[in-house]
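Subject: Structure to look at

Hi,

Here is the structure I promised to pass on. Have a look at it first, and then read my notes below.

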Amino acid sequence: MNQPPRPGPFPGQPAELEELFQAHHVSVLRAAYRITGNATDAEDVLQTVFARLLRRPSDFPVMENAAAYLHRSAVNAALDLVRGRQQDKSVPLDAHISHLAEGPAAGPDRQQEVRELRDFLRRAIRRLAPRAAEIFSLHYFEGYSNAQIASVLDLSRAGVAVTLHRTRARLQEEIRSFMGEE
Amino acid sequence: MNTRKNNPDHILDQAIAEIRAEEMDQAAVEQAAARVWARLSQASHSLPQAVHSSDDVLRTCADFRALIPAYRAKQLPDAQAWLVEDHIHGCPACRSALEAAQSGNVVGLKPVAQRILAPQWKWAVAAALAVGVGMGAWQMRDTLLPAPGGPRGVVQSVTGSLFRVSDTGGDTLAAGMELGESFRSPAGSAAPLFACNAEA
C-alpha cells in the first residue's frame, strides 16, 4: 500500500500531528465520504479537519481520544460542506424502489437504484437539524453506540435515543412522502 | 398494506446499509491523503509568517472579511488564502459576504447591538428603562429632591433657651415662632416642636 509522502513534522507543531494524520486519515476520509458521497468533498473534509488541528493554539489541550475527536470532526465538517450547498433536485423514490432488496442483482438498473437510494438519504440528512444529523450519522454510519454518542456529545443516553427515534421517524416520513403515501 | 420492500422503515435501513457498504476506492484514499498532506506541509511552513508575524491574527469573522478583497484579487499568500477558504467553508455568514462581494454588494458586519436587538425590542427596552428610572426616582425623591421652601416647624414651648442659627448670628426663639433650616438649644434646654408637614 502506498503511503502518503512524509515531509516531516510541522514546524512549531508537535510531531503528534503527523502521527495523527498517518493513523486517522483513512477513517476521516471514509467518514466524510459516507456523508458527502464524493471523493473530492471527502478530500476537502480531510484538509479542513487537519487544518484546524494545525491552527490550534500551542496550549490546546491534549486530545484524550483522538479517534473519536477526528471522527466527529469529519462528520461535522462533511455535514457543514453538504449543507452549504444549494439543495439538489429531489428525485422521487417511487420510480426506483420497485426492485429494492430483491436479491443480489448487480445489473445497471439495480446499481442505479442503489445510487438513487443513497443520494436520497444523503439529501435528507442535510435537511436535518445539525445535532440530529450528527447523532444519526455517528450511530448509523460510524457505528457508535448510544452510550458512546452520549459521552462524546455530553448528552444523556435517553436524549440520544429520543433524537435517533425522532430522526428515524422523520426520515421514514420523507420516504413515505416520496412514495406518494399520506 | 405495505409489502416489506415498500416499508419506509425497511427502505431507510437499506439506504443506511448501502451507504455503509459504499467504500471510497483505496487508491483514491491514498492519493487524496498525499495531496492533503502536501498542502498541510506547505501551509505549515508559511503559517507562522502569514498568521503570526503581524498584529492581524485571524480570529474573528471581521478579520476574515477584511481579507476578502485581497482574496478575490488573488493577492493573499497561499497560506492565508487557504485559511480564508477554510473559514468560509464553515461559516455561512462569511460565505454570504464573499458571494455578496463577488456580486458587487458589500456586506459588512453589523454592530453587535444591532444584531442582538430587533427594532421592536429596542423600543421595549427603552420603555422599560424609562419606567425603571421613574420608579427609582420616586422611591428616592426625599433624598434626591431639595426640600421645599418655607418653615420646617413651629416652636410649641421653650424650657431654657432656643436660638435660630444664621449667617448674622443667633436670634432667640420663643414659643409660637416658625423655624427655618437650623436651630440649636444649649445643654439643659428643651423645646418641643410641631412639624409643619405633620398631619396631626
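Of the twelve residues in α5(A), nine are buried, so-called "mostly covered". Among them are Ala132(A), Ile135(A), Phe136(A), Leu138(A) and Tyr140(A).

You can find α5 at residues 130-141 of chain A. From its first C-alpha to its last it reaches 16 Å, close to the 16 Å expected at 1.5 Å a residue. After the helix comes Gly143(A), with a positive phi near 80°.

Chain A has a mean pLDDT of 81, and 75% of its residues reach 70 or more. Within chain A, confidence is highest in α5(A), at 95, and lowest in α4(A), at a mean of 86. Over residues 4-9 of chain A, though, the pLDDT is below 50, and this stretch has 16 contacts in the model beyond near neighbours in sequence. Where pLDDT is low, the predicted coordinates should not be read in detail.

Now the salt bridges. Over all chains, a search of the whole structure finds 14. Here are a few to click on:

- Arg30(A) pairs with Glu23(B), with the closest N and O atoms 3.0 Å apart. Arg30(A) is in helix α1 of chain A and Glu23(B) is in the loop between α1 and α2 (26-52) of chain B, so this pair joins two chains. Glu23(B) is partly exposed, at a relative accessible area of 45%.
- Arg34(A) pairs with Glu142(A), and here the closest N and O atoms are 2.8 Å apart. This pair links distant parts of the chain, 108 residues apart: Arg34(A) sits in helix α1 and Glu142(A) in the loop between α5 and α6 of chain A. Both residues are buried.
- Glu22(B) pairs with Arg118(A), the closest N and O atoms being 3.4 Å apart. Why does this pair join two chains? Because Glu22(B) lies in the loop between α1 and α2 of chain B, while Arg118(A) lies in helix α4 of chain A. Both Glu22(B) and Arg118(A) are buried.

There is also a network of salt bridges that links Glu43(A), Arg35(B) and Arg39(B).

Cheers

Methods
Residues numbered from 1 in each chain as written. Chains lettered and ligands numbered in written order. Predicted model: local features only at pLDDT ≥ 70, side-chain atom pairs only at ≥ 80, totals over all residues. Heavy atoms only, no water. Helix = DSSP H or I, 4+ residues; strand = E, 2+ residues; numbered from the N terminus. Expected span 1.5 Å × (residues − 1). Buried < 20%, exposed > 50% of the residue type's maximum accessible area, 1.4 Å probe, protein only. pLDDT = per-residue confidence, 0-100. Contact = heavy atoms within 4.5 Å. Salt bridge = Lys/Arg side-chain N within 4 Å of Asp/Glu carboxyl O.
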